[in-house]
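Take a look at the model below.

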Amino acid sequence: NVGYYQHSNYKEITNINSLEEYKQKFTILNKEEIKSNKDQLINESVDTSFVHETSGSTGIPMLYKISSKAESYRFANNIRFLGWWKLSMFDNHALIWKVKKKNKKTLRGFIKRIETKLLGRLLLNVFELNDSSIFDYVEQLNKLKPKYIRGYKSGVHELARLMDKHNLSLKGFDLTLAIVTAETLEEFERE
């Protein structure tokens, strides 16, 4: 048990017999609670060598750590999911989400560029997607011919909306899959 739950009213909870009971006894932590208590939310006995970061779409990005085992499960899950669609992580694909500006002169920046190229990955910055950038984005997509697109629901939807608005299309290939994340996909956005 981590420190956060040892120093709160959660310490009193002993038995949970149903999901409903769980929901009554445990509240969902919001981002502010996590940020202000992050040291108390990390189990020091568990390897937390993988650091991930949220996009910061609600303001400031949040860093979080996961174990190497959890990272392995996350990675394997992605491979398994793509396999359901007869796709591979090595197939050309486009990511539509926050793209950090990497310093091209650093080793880390160099490694990221090599990784992106080897994985057939096109990075499209969702925060720069607009009426001006859409032409370049579609040109890059048509050049790469990705088998799938993955991104924030709002970013993928905005890409499609801007393509319709400017009468742009993907040429010479069909996408197999659009994977959306981070937000609920509404029924009208599934077309």
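V99 sits in the loop between β3 and α5 (107-118). Helices (H or I, at least four residues) and strands (E, at least two) are DSSP runs, numbered from the N terminus. This is a predicted model, where local features need pLDDT of at least 70, side-chain atom pairs count only at pLDDT 80 or more, and totals for chains, interfaces and linings use all residues. Residues are numbered from 1 along each chain as its sequence is written, and side-chain values use heavy atoms, with hydrogens and water left out.

Stay with V99. Its relative accessible area is 21%, so V99 is partly exposed. The classes are buried (under 20% relative accessible area), exposed (over 50%) and partly exposed in between, with a 1.4 Å probe and protein chains only. V99 touches L123, L124 and N125, leaving aside residues up to four places away in sequence. Contact here means heavy atoms within 4.5 Å. V126 is 27 residues from V99 in sequence, yet their C-alpha atoms are 7.7 Å apart in space.

Now turn to the charged side chains. The structure holds 5 salt bridges. A salt bridge is a side-chain nitrogen of Lys or Arg within 4 Å of a carboxyl oxygen of Asp or Glu.

One of them pairs K147 with D91; their closest N and O atoms are 3.8 Å apart. K147 lies in the loop between α6 (134-144) and β5 (148-152), and D91 in the loop between α4 (68-84) and β3 (93-97), so this bridge ties together parts that are 56 residues apart in sequence. The two partners fall into separate accessibility classes. K147 is partly exposed, at 39% relative accessible area. D91 is buried, at 16%.

Another salt bridge joins K165 and D131, at 3.0 Å from N to O. K165 belongs to helix α7 (residues 153-165), while D131 is in the loop between β4 (121-125) and α6, so the pair links parts that are 34 residues apart in sequence. D131 is partly exposed, with a relative accessible area of 33%.

E158 counts as partly exposed, at 23% relative accessibility. R161 is partly exposed as well, at 38%.
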